[in-house]
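This briefing goes through a single protein chain by topic. Please keep the sequence and the structure at hand while reading.

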Amino acid sequence: MTSTRRTLPRHADVVRAAHAARGGWVLAGVYASTDAGRGAARRIPRAERMPAYGPPGTFEAYDARHDNGTAVWVRYTAGLPKPEPRPTAMTYRVCDRGTGSGYEGVRITPVIVSAECPCCGGPRGSAVPYRFHEDGDWYTAHKWTNQCGHVDTYAAVLAEFRRDRQLAMDAVRDHVDLDTVGDREYDEPVALLNALALVLRSASARDASRFLELGGYDEAGRRVEEERAARETRMTLRDAARYLPELAAARAACTGCDNGRINYRARDGEFVGLRCPACRREVTSVA
């Protein structure tokens, strides 16, 4: 299990461990302050003042909340197939046996929770179907193993999901006048983000993507995450709320594509359709 103590990073040791893990995430260190952790996570991919991680582009890094500060996790990607982007949220099907003191039976509840372990910020495991028999019926839930070794109980994950959902509902109730929310493409998700920004003062765009998915605005969440990954500076909840109307305006003004697709004929005579970088609409490939 990953240590929960605050640790100063020994970068040479971290680099060796990341090389051995080949694409897997490794805990680099736990920083006392949020700013120090975020700064290290920004500098590592550029090997800026951190030559052990050179040359630039060899490593990826992220910062996350840790029980004792801010954790920085890294992975070595040089010479490997391009890894899947780090998810902003995990969707699991979990066993829900109620909250009473006695046995209430079982039901399967889908949940959307943070992609990071709530104890150390390490990546949560991928969902694996788990079939079991109870009360005369068969059920299929998910099980997963966190790389850090910390165990997620179903009860804890359900509580995390319900807490986030209630936080979002309370933010909208307290800070959004529903009568003033328009019907343009991103008006509803922007209202949600602006309300959350008043409650979650230091939240990032990764939090925005998770809460958008939690609210059923999956497409908006994916667009925010694309923009967050493309920026070199940190993107906040407020930044995400400002970006979505900018994207909607760019879509409305775009005249160089056909509903998000740029079609052209290649030299070999085949017709090719590319996704428009201005619209960023989700399009399906042409067979």
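The model is predicted. Its protein chain has seven helices and nine strands, and 42% of the 287 residues count as buried.

**Overall fold**

- Taken along the principal axes, the C-alpha atoms fill a box of roughly 60 × 50 × 40 Å.
- Among contacts between residues at least 6 apart in sequence, 58% join residues at least 24 apart.

**Aromatic rings**

- A pair of aromatic rings is described by the distance of the centres and the angle of the planes.
- The chain has seven aromatic pairs. One of them joins Tyr-130 and Phe-132, with 5.5 Å from centre to centre and 20° between the planes, and this pair is stacked.
- Trp-144 sits in the loop between strand S7 (137–143) and helix H3 (154–175), while Tyr-154 belongs to H3; the two residues are 10 apart, and the pair links distant parts of the chain.
- Trp-144 is buried, with a relative accessible area of 14%, and Tyr-154 is partly exposed, with 21%.
- One aromatic cluster consists of Tyr-53, Phe-59 and Tyr-76.
- A charged side chain also takes part in ring contacts: Arg-86 lies over the face of Tyr-62, at 3.6 Å from the ring centre.

**Helices H3 and H5**

- Two packed helices are described by the angle between their axes and the distance between the axes.
- H3 packs against helix H5 (residues 205–214) at an angle of about 90°, and the axes are 10 Å apart.
- The angle falls in the range of 65 to 115 degrees, so H3 and H5 are roughly perpendicular to each other.
- On the H3 side the contact is made by Phe-161, Asp-164, Arg-165, Leu-167 and Ala-168; on the H5 side it is made by Arg-210, Phe-211 and Leu-214.
- By class, this contact has five nonpolar and three charged residues, and no polar ones.

**His-142**

- Strand S7 contains His-142.
- His-142 counts as buried because its relative accessibility is 15%, and the cut-off is under 20%.
- Leaving aside residues up to four places away in sequence, His-142 touches Thr-91, Tyr-92, Arg-93, Ala-127, Val-128, Pro-129, Tyr-130 and Tyr-154.

**Backbone details**

- Most residues other than glycine have a negative phi, and most peptide bonds are trans.
- The bond between Gly-54 and Pro-55 is a cis peptide bond, with omega at about -5°. Pro-55 is in the loop between helix H2 (34–43) and strand S2 (59–66).
- Arg-49 is placed in the loop between H2 and S2. Its phi is positive, near 60°, although Arg-49 is a residue other than glycine.
- Arg-22 is not a glycine either, and has a positive phi of about 45°. Its place is in the loop between helix H1 (11–21) and strand S1 (26–31).
- Arg-22 is exposed, at 52% relative accessibility; Arg-49 is exposed as well, at 65%.

Conventions:
Residues are numbered from 1 along each chain as its sequence is written. This is a predicted model: local features need pLDDT of at least 70, side-chain atom pairs count only at pLDDT 80 or more; totals for chains, interfaces and linings use all residues. Side-chain values use heavy atoms; hydrogens and water are left out. Rings of Phe, Tyr and Trp (its six-membered ring) pair if their centres lie within 6.5 Å; planes under 30 degrees apart count as stacked, over 60 as edge-to-face and the rest as tilted. Helices (H or I, at least four residues) and strands (E, at least two) are DSSP runs, numbered from the N terminus. Buried means under 20% relative accessible area, exposed over 50%, partly exposed in between (1.4 Å probe, protein chains only). A charge sits over a ring if NZ of Lys or CZ of Arg is within 6 Å of the ring centre and within 35 degrees of the ring normal. Axes are lines fitted to C-alpha atoms, for helices over the stretch in contact, and angles run from 0 to 180 degrees between N-to-C directions. Angles under 35 degrees count as roughly parallel, over 145 as roughly antiparallel, 65 to 115 as roughly perpendicular and the rest as oblique. Contact means heavy atoms within 4.5 Å. Ala, Val, Leu, Ile, Met, Phe, Trp, Tyr, Cys and Pro count as nonpolar, Asp, Glu, Lys and Arg as charged, and the others, Gly among them, as polar.
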